[in-house]
Amino acid sequence: MDYMERLRDLKGIGEKTEKLYQKLDIYTVGDLLLHYPRSYQVYPPLSNYGDLKPGASVALLARLKSPAKVRKGRRMDVTLATAFFGDRSLDLVWFRMPYIRSQLAVGEAYVFYGKLEAEGERLKISQAQIYSPDEYSALMQQPQPVYSLTGGLTNNNVKKAVQTVFDSGIRLGEYLPQEILEGNQLASYEWALKQIHFPIDFDHLLRARKRLVYDEFFFFLLELGRNRLDEAPEENRHPITETAQMEDVKERLPFDLTPGQKKALADILGDLSAPLVSQRLIQGDVGSGKTIVAFLAMLACLENGFQAVIMAPTEVLARQHEKEFIRLCQEYALPYSVVCLTGASTAKEKREIQSRISEEDALFIVGTHALIQETVEFRDLALVVTDEQHRFGVRQRKILASKGQSPNVLVMSATPIPRTLAMILYGDMNLSVIRELPSGRRKIKNAIIRSDKKKSAWQFVAREVLAGRQAYVICPLIEASDVSEDENVMDYAQALKDFYGDQITVGLLHGRMKSKDKDKVMEDFASGKIQVLVSTTVVEVGVNVPNASVMLIENANRFGLAQLHQLRGRVGRGADQAYCIFIDSSDSEEISRRLEILVHSNDGFAIASEDLKLRGPGDFFGIRQSGDLDFKIADIYQDADVLQMASEDSKEILEADPRLVFEEHAGIRSFLERRRQEVYTNL
Ligand code: ADP
Ligand code: MG
């Protein structure tokens, strides 16, 4: 079996299942192997009579008392059963899983695993996982993979499919030279892939992870290095001079730019008027006001008769920029138009926008990836801004840059990275940092509460909303999962609708909605029609709705602190007092203590480094700081040491063999080429 083989050629996967996998961007056997577990579940020993703690996840060996019953509900089917745990009664409830009934036989002993609830003498578990005693004792030995899923696909389906690939004897050649493996004490590729899916224990898992993290960094840096080699300094063919109109807009803004904004703007204008093309990274915490800086820089280009592009990582953000730019043009009577190209534009719209982009100069161009995917010909592109850069690969930025006539590049990021890391990851860029937030902002008030207090949080949200403001509610999952008790957007939105009745409008948003629907929801939220927005982390980057004053985050313990900080940054953008409520559902005191950091600090950089100090090597499961640079498994904070190793190795190799022609680098070369092909075909 080969890496590139289609998923459908795998035993047990038909056309229908293949479609489900495609929703997760899994097309080939290789994609499946790279669908690393999201986290790992550790099954506890069977609980004894004495240690039944309500709220904890337990495994109970119990005997079924009577046949399971399915009750048809209006919204969903409910399956009910009772079992004996010793002489106590255990109530079991499953939602939307009517097929469970046929899996249970009266008198039979099963292990039921799930979160224990206790009502008086009665014990209860909802959505219990069911195992035979033998199955369970096998499970208990090893950490079990937990995958990201989509409706119709269970965790067990994915587990089995991955197992089938390994059983078929897939060949996963080693492509790293022996000396790199030995020098860094890295495991072999094949071993690492097997262990990342089915680890023997946590030590093995850590070793496997280190190898895969190394690979991600190593290849990223090799490519970065090779790109640099291919790039001679280019002449800046769009030199600009500042105009009175621009000064005038700056003067008439309703606020003074902060010193950091001023400095960043001056740096960019310096770049834009210099003889050589340049690239600059603008780092500024959430809310530091990067958008207006980008707008003014782009305006400078338009004033000189050139085009400028701003590219956002999501549809929602692109539309938001479009609206804001149109508003600014109207407000200051600027003689320019704004076009916005996204994947959701119709074919007709795309044609129209494309022809405008190829014909009109002095145009504000806004968009998403679609700006690279489509056959866009720019007329006279002077500047490319990528907003929230960590969502873009370096390669994508290059493709866009290559479409213009060597435009200047401006990258804006809210991810705080230490200088040493920035040197490795962005070594070829100039850096401007916006250190302060605009003055006059009120401090966000924070609270951490336990899950059983969530109703009072809902009431708090209602009070704010009825006073005219709006709220975000963030859930980790899109829809119910058979392996996770975490909250999901679908059910949560329904629960809130039931709770609030007609008095409050609840909307929902997640990444798998159609672009048009996402737009509509964001529009309705921005205009106030939707008052409470239940969403996944798609609102994490960039979204700006100043009237939103409450951020409620479910299962906050599931997220990295830097990510929570970004989410919190969605509120506190207006004049009203803002609140952020973290709901903590963890069993572990240490994780709860991590959340405390957020209450005490509002400095993204300090938060990221504090978080790291508190984390042990086993804590990475399911928690990532951010989606930096599209790494699948690597985390630039946590894996800074591996990044350093990969950086030294890649440098050494490129110095000795810039074109990778040496025999011992053949594996690396073909791997890079294959990746390049994959990326281009997936774009
Ligand atoms: P981010 O850096 O997170 O992208 P935005 O650009 O979205 O932040 O700006 C957040 C909010 O702050 C916007 O509503 C913007 O109008 C406002 N803002 C930007 N600069 C200033 C300033 N110097 N003073 C006051 N408000 C500002
Ligand atoms: Mg922004």
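Analyst: In this predicted model, the second largest cavity has a volume of about 40 Å³. Its lining draws two or more residues from each of α9 (259-273) and β15 (408-413).

User: What makes this space one of the cavities found in a search of the whole structure?

Analyst: The search finds three cavities of 30 Å³ or more. The second largest cavity, at about 40 Å³, is counted. It is called a cavity because a 1.4 Å probe fits there but cannot get out.

User: Which residues line the second largest cavity, and what makes them lining residues?

Analyst: They are Ile268, Asp271, Leu272, Ser278, Arg280, Leu383, Asn408, Val409 and Leu410. Each counts as lining because it has an atom within 4 Å of a grid point of the cavity. By class, this lining has five nonpolar, two polar and two charged residues.

User: Where does ligand 1 sit, and how do you know?

Analyst: Ligand 1 sits in the second largest pocket. The wording applies because more than half of the ligand's atoms lie within 2 Å of the grid points of that pocket. About 1300 Å³ of space lies in this pocket.

User: What lines the second largest pocket?

Analyst: The lining comprises 46 residues, and Thr291, Glu324, Asn544, Pro546 and Arg573 lie nearest the centre of the pocket. The helix α11 (315-331) is among the elements that supply at least two residues, as are α9, α10 (290-303) and α18 (515-527). With 10 residues, α11 gives the most. The lining divides into 18 nonpolar, 13 polar and 15 charged residues.

User: How many residues surround ligand 1, and which are the closest?

Analyst: There are 16 around ligand 1, and the closest are Asp256, Gly287, Lys290, Thr291 and Arg441. This shell consists of four nonpolar, seven polar and five charged residues.

User: Why do Arg573, Asn544 and Ser288 count as making polar contacts with ligand 1?

Analyst: The cut-off for a pair of N or O atoms is 3.5 Å. A side-chain N or O atom of Arg573 is 3.0 Å from an oxygen atom of ligand 1. For Asn544, a polar side-chain atom lies 3.3 Å from a ligand oxygen. Ser288 uses a backbone N or O atom, at 3.4 Å from an oxygen of ligand 1. Each pair therefore meets the limit of 3.5 Å. Of the 580 Å² that ligand 1 exposes when taken alone, the protein buries 85%.

Conventions. Residues numbered from 1 in each chain as written. Chains lettered and ligands numbered in written order. Predicted model: local features only at pLDDT ≥ 70, side-chain atom pairs only at ≥ 80, totals over all residues. Heavy atoms only, no water. Near = heavy atom within 4 Å. Polar contact = N/O pair within 3.5 Å; in protein donor to acceptor, adjacent residues only side chain to side chain. Areas by Shrake-Rupley, 256 points an atom, 1.4 Å probe, with all protein chains shown as cover. 1 Å grid on protein atoms, 1.4 Å probe; cavity = no way out; pocket = protein on both sides within 12 Å on 5 of 7 lines; lining within 4 Å. Nonpolar A, V, L, I, M, F, W, Y, C, P; charged D, E, K, R; others polar. Points joined across faces, edges and corners; volume = space filled by probe spheres on them. Helix = DSSP H or I, 4+ residues; strand = E, 2+ residues; numbered from the N terminus.
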